[in-house]
Amino acid sequence: MTKTLTRIAATALVAALIPLPAFAQQMDHSSHANHQMHAMDASADDVAGAEETLKAYRTALEARDTQAMRALFAEESAIFENGKAEGSFANYMEHHLGPELDAIVSFTFTDPTLTVTRMGHMAHAYETYGYRIELSDGRVIERDGVATSVLAHDADGWRIVQYHSSSRALRN
């Protein structure tokens with residue numbers, strides 16, 4: 001009986017020492033194949049929709065169209081700009097961007113790049129761009145900027161849930 005218990009303990013010890021990846025390598029994963037392919041197809045399907053949402057935000061900024069901008073953001077959004085948490089897009093519009101838009105005569109983006117990656121019902125993106133702002137007092141602001149975004153997709157389409165932008169003066 002003691003030999004049998006010793007053998008059982010030794011066998012359990014050897015099994016415990018075999019790395020889990022070895023077990024995973026030997027398992028039959030064929031039942032996951034369709035699920036994995038479906039997830040990959042879904043991520044490739046609608047990146048364009050998320051891209052269009054971010055392009056529409058840029059277009060709305062250039063047009064200074066506050067209503068169009070609001071429609072692109074989720075109600076429970078979070079905005080970060082140049083090291084400051086601005087709260088929701090509604091708060092950002094009311095206390096920061098809205099008053100700035102009143103003083104802008106012209107807003108133009110230059111050389112935008114956009115990369116979007118979809119992960120199920122979410123997507124994340126990063127952008128680079130230049131911009132030129134002409135103010136009503138005659139001042140001109142030219143800067144390079146970057147932005148990262150998180151978007152969510154639901155029955156109403158893609159909405160921005162988090163947006164973080166920063167900029168710096170042009171460098172030669």
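I looked up contacts (heavy atoms within 4.5 Å) and noted that, of the contacts in the chain with a separation of 6 or more, 52% are between residues 24 or more positions apart.

The model is predicted, so local features need pLDDT of at least 70 and side-chain atom pairs count only at pLDDT 80 or more, while totals for chains, interfaces and linings use all residues. Residues are numbered from 1 along each chain as its sequence is written, and side-chain values use heavy atoms, with hydrogens and water left out.

I then listed the secondary structure, taking helices (H or I, at least four residues) and strands (E, at least two) as DSSP runs numbered from the N terminus. The chain has six helices and six strands, in the order α-α-α-α-α-β-β-α-β-β-β-β.

Next I searched for aromatic pairs, meaning rings of Phe, Tyr and Trp (its six-membered ring) with centres within 6.5 Å; planes under 30 degrees apart are stacked, over 60 edge-to-face and the rest tilted. The whole structure holds eleven such pairs.

I checked burial (buried is under 20% relative accessible area, exposed over 50%, partly exposed in between; 1.4 Å probe, protein chains only). Phe73 counts as buried because its relative accessibility is 6%, and Tyr163 is buried at 7%.

I also noted a tilted pair, Phe107 and Phe109, at 5.1 Å and 40 degrees; both residues are buried.
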